[in-house]
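Visitor: Could you walk me through this structure, one question at a time?

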Amino acid sequence: MTRSEGTRAPGRPASASREDVLRAAIGMFLSGKRLDVNAIAAQLGVGRASIYRWFGSRDGLLGAAIAHQLDRLVARIERDCTATGGARLEEILDRTIALLVEDDSLRRYFDNESTAALRLVTRSDGPVHSAAVATVERVIERAQREGYRPPIERDTLAYALVRLWEAFLYNDAVAGFRGDGERLRQVQTALLRA
C-alpha cells in the first residue's frame, strides 16, 4: 500500500473530500477572495489533481460553488414561503431575484472577473446555468401540483426564466454589475401569468 492509499505524511491533515473542497471554495467566494485552487489544496491537504478530477477546472469548482449557493438560497426561500400554486412560484422567484441583486459576493465576482464571470454563469452547458434551470423547474413543478398552469412546457418556462435573470442581472457585467430587478420582476410576472 502506498502512502496516498492508506497513510498520510506526519503532521499533514487527512485528505479532504469533494464536499470539503466545495465548502472551502464557497467560503472563499463568499468572502470576496479570488478562488485559488492551490490555496484550497494546501489548506485541506489534498492534491490539486484530485480537485481537478472532481471539478474539471477552476471554473468548474467556482461554478459548482455558485450553483450550490443558488440552490441553498432558493431552498431557504421555499421553506419560508407560505403561499401555494402560482402565488408561491411568483413569491419564490421574486425573492430570489431580490437576493441575487443584493448579493455582494456575486457583485465582487463580476467586478473582478467580468468576462469570465459572465461566461461561467450563462454558459448553457455550465454548472451554474443548468443548476439554475433545474432549481426553477423544481419550483414550477411544485406550483403545478398545487394548481398552477404554466403558459408553456415546464422545462421551457424554467429555461426562459433563467435566461431572463441572466439578461437583466448580468448582461451589463462587463460595464459593471447592474441588477435590474424591478424590470425583471415585471417581465417575469407577465410571462408567468400569460
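Guide: Let us start with Tyr109, which is buried, with a relative accessible area of 6%. Do keep in mind that this is a predicted model.

Visitor: Is Phe110 buried or exposed?
Guide: The cut-off for buried is under 20% relative accessible area. Phe110 has a relative accessible area of 0%, so Phe110 is buried.

Visitor: Which kind of aromatic pair do Phe29 and Tyr109 form?
Guide: The ring centres of Phe29 and Tyr109 are 5.8 Å apart, with 75° between the planes. Planes over 60 degrees apart count as edge-to-face. The pair of Phe29 and Tyr109 is therefore edge-to-face.

Visitor: How many residues apart in sequence are the parts that this pair ties together?
Guide: Both Phe29 and Tyr109 are buried. Phe29 belongs to helix 2 and Tyr109 to helix 7, so the parts tied together are apart in sequence by 80 residues.

Visitor: Which residues do ring pairs link into a cluster?
Guide: The whole structure holds two aromatic pairs. Besides the pair of Phe29 and Tyr109, the rings of Tyr109 and Phe110 sit 5.9 Å apart, centre to centre, with planes at 65°, so they are edge-to-face too. The cluster linked by ring pairs is Phe29, Tyr109 and Phe110.

Visitor: Which helix gives the most to the lining of the largest pocket?
Guide: The largest pocket has about 340 Å³ of space. Its lining has 21 residues, and among those closest to the centre are Ile66, Leu70 and Leu100. Elements giving two or more residues include helix 2, helix 6 and helix 9. The one that gives the most, with six residues, is helix 5.

Visitor: How many residues of that lining are nonpolar?
Guide: Three residues of the lining are polar and four are charged. The nonpolar ones number 14.

Visitor: How far does helix 10 reach from its first C-alpha to its last?
Guide: Helix 10 has 17 residues, and its buried residues include Leu161, Trp165 and Phe168. At 1.5 Å a residue, the expected span is 24 Å. Close to that expectation, helix 10 reaches 24 Å.

Visitor: Which residue has a side chain joined to that of Arg23 by a polar contact?
Guide: Arg23 lies in helix 2 and is exposed, with a relative accessible area of 52%. Ile40 is 17 residues from Arg23 in sequence and 9.9 Å away in space, C-alpha to C-alpha. The polar contact, at 2.4 Å, joins the side chain of Arg23 to that of Asp20.

Notes: Residues are numbered from 1 along each chain as its sequence is written. This is a predicted model: local features need pLDDT of at least 70, side-chain atom pairs count only at pLDDT 80 or more; totals for chains, interfaces and linings use all residues. Side-chain values use heavy atoms; hydrogens and water are left out. On a 1 Å grid over the protein atoms alone, a cavity is a set of points where a 1.4 Å probe fits but cannot get out, and a pocket is an open set with protein on both sides within 12 Å along at least five of seven lines; lining residues have an atom within 4 Å of a point. Grid points are joined across faces, edges and corners, and a volume is the space filled by probe spheres set on the points. Helices (H or I, at least four residues) and strands (E, at least two) are DSSP runs, numbered from the N terminus. Ala, Val, Leu, Ile, Met, Phe, Trp, Tyr, Cys and Pro count as nonpolar, Asp, Glu, Lys and Arg as charged, and the others, Gly among them, as polar. Rings of Phe, Tyr and Trp (its six-membered ring) pair if their centres lie within 6.5 Å; planes under 30 degrees apart count as stacked, over 60 as edge-to-face and the rest as tilted. Buried means under 20% relative accessible area, exposed over 50%, partly exposed in between (1.4 Å probe, protein chains only). The expected span of a helix is 1.5 Å times one less than its number of residues. A polar contact is a pair of N or O atoms within 3.5 Å; within protein, one must be able to donate a hydrogen and the other to accept it, and residues adjacent in sequence count only if both atoms are side-chain atoms.
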